[in-house]
Amino acid sequence: MAETSNARKRILSGMQPTGTGALHIGNLEGALRNWVRMQDEYEMYCCIVDWHALTTRYTESGEIWEACLQVAADYLAAGIDPKKAPVFVQSQVKEHAELHLLLSMITPLGWLERIPSFKEKRDIMVEKGEGDESISYGLMGYPCLQAADILLYRAHAVPVGKDQAAHLEISREIARRFNRLYGDVFPEPQSHISETTAVVPGLDGRKMSKSYGNAIYMADSADEVKQKVMNAFTTPTKLRKSDPGIPESCVVCQLRRVYDPEGYLTSWDEDRAGERGCVQSKRELVDILNAALEPIRLKRQEILADRAELERILADGADRARETAENTMRLVRSAMGFK
């Protein structure tokens with residue numbers, strides 16, 4: 001019973017609508033490019049997990065729908081075809097909440113307490129001076145909701161970055177525990193890690209992240225990209241053009257490797273030899289990035305110009321996702337003895 005009847009393997013992918021919702025080029029190169037490649041090979045569902053955003057943004061709930069629209073626009077602008085892969089918002093498929101509730105009843109508290117992401121978020125809140133009241137049950141129970149998202153579609157795999165594979169283990173543990181208690185309903189989701197996925201550094205050398213304020217966004221204008229790149233982190237010991245650079249630790253050089261895979265080695269060799277300055281590298285990167293992002297920017301603007309059509313796409317995606325979700329919940333209720 002744990003296998004789906006479809007010939008193609010099923011994939012569940014999703015992102016959280018944090019901040020304004022707009023995704024950055026780390027999301028684009030680390031996930032979305034891979035999703036676009038996979039949508040023809042797999043039966044794929046592309047979710048926008050808005051309930052997850054409430055774990056830290058419950059006081060800003062009124063802003064989350066707009067953020068969802070921004071994420072959806074980025075999905076589509078990057079090349080996700082909603083006819084091939086349903087694009088939908090988590091909260092519009094209520095079965096996510098039902099399965100989350102049932103899974104939370106069988107998940108040991110100790111499993112949740114040991115999750116590194118919970119500890120990291122808790123520590124960040126403490127550093128910001130936020131009290132215990134800001135650390136909610138929902139924040140600790142995040143892995144249960146994440147497991148429900150995945151298991152609701154009886155997904156065989158979830159596309160993740162190389163540094164995120166461990167986050168999927170608790171979903172497998174919850175699936176195994178449910179199957180052991182009630183019967184073989186869920187396949188254990190595996191990590192799908194693409195060897196072609198690029199790791200994109202943030203402008204300050206750390207991982208690109210909205211929370212660090214070091215990101216270039218898919219929605220950024222050409223001028224915004226230029227301003228950010230010209231202020232990006234380079235080799236601190238390279239004070240003059242003739243000083244040797246260290247491209248492996250230079251954000252500008254690393255970004256060029258991602259967006260100029262066929263030509264970056266020449267610029268790297270010149271950087272090491274002290275034959276080019278950081279300003280030259282930054283100016284060239286600005287042109288390379290803007291050339292790569294301009295088609296996405298234009299497509300994104302076109303999508304957001306017709307909000308009604310975008311919401312129709314999301315509603316259609318939710319309808320298609322709900323069909324699969326309802327089938328899963330019938331199996332779950334039957335296995336647990338509920339009518």
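Analyst: Arg297 touches Met218, Ala219, Asp220, Ser221, Ala222, Val225 and Asn290, leaving aside residues up to four places away in sequence. Contact here means heavy atoms within 4.5 Å. This is a predicted model: local features need pLDDT of at least 70, side-chain atom pairs count only at pLDDT 80 or more, and totals for chains, interfaces and linings use all residues. Residues are numbered from 1 along each chain as its sequence is written, and side-chain values use heavy atoms, with hydrogens and water left out.

Arg297 sits in helix H13 (residues 278-304). Helices (H or I, at least four residues) and strands (E, at least two) are DSSP runs, numbered from the N terminus. The relative accessible area of Arg297 is 5%, so this residue is buried. Buried means under 20% relative accessible area, exposed over 50%, and partly exposed in between (1.4 Å probe, protein chains only).

Another arginine meets a ring. Arg206 lies over the face of Tyr212, 4.0 Å from the ring centre. The test asks for NZ of Lys or CZ of Arg within 6 Å of the ring centre and within 35 degrees of the ring normal.

Now the ring pairs. The structure holds 6 aromatic pairs. Rings of Phe, Tyr and Trp (its six-membered ring) pair if their centres lie within 6.5 Å; planes under 30 degrees apart count as stacked, over 60 as edge-to-face and the rest as tilted. One of the pairs is Phe88 with Tyr153: 5.7 Å centre to centre, 55 degrees between planes, tilted. Phe88 belongs to strand S3 (residues 87-89) and Tyr153 to the loop between helix H8 (142-151) and strand S4 (157-159), so the pair ties together parts 65 residues apart in sequence. Phe88 and Tyr153 are both buried. Phe178 and Tyr182 also pair: centres 4.9 Å apart and planes at 55 degrees, so tilted. These two are 4 residues apart in helix H9 (residues 169-182), about one helical turn. Phe178 is buried at 2% relative accessibility, while Tyr182 is partly exposed at 30%.

Last, helix H3 (residues 64-78). Its 15 residues reach 21 Å from first C-alpha to last, close to the expected 21 Å. The expected span is 1.5 Å times one less than the number of residues. In H3, 13 of the 15 residues are buried, so the helix is largely enclosed by the rest of the structure. Gly79 follows H3, with a positive phi near 120 degrees.
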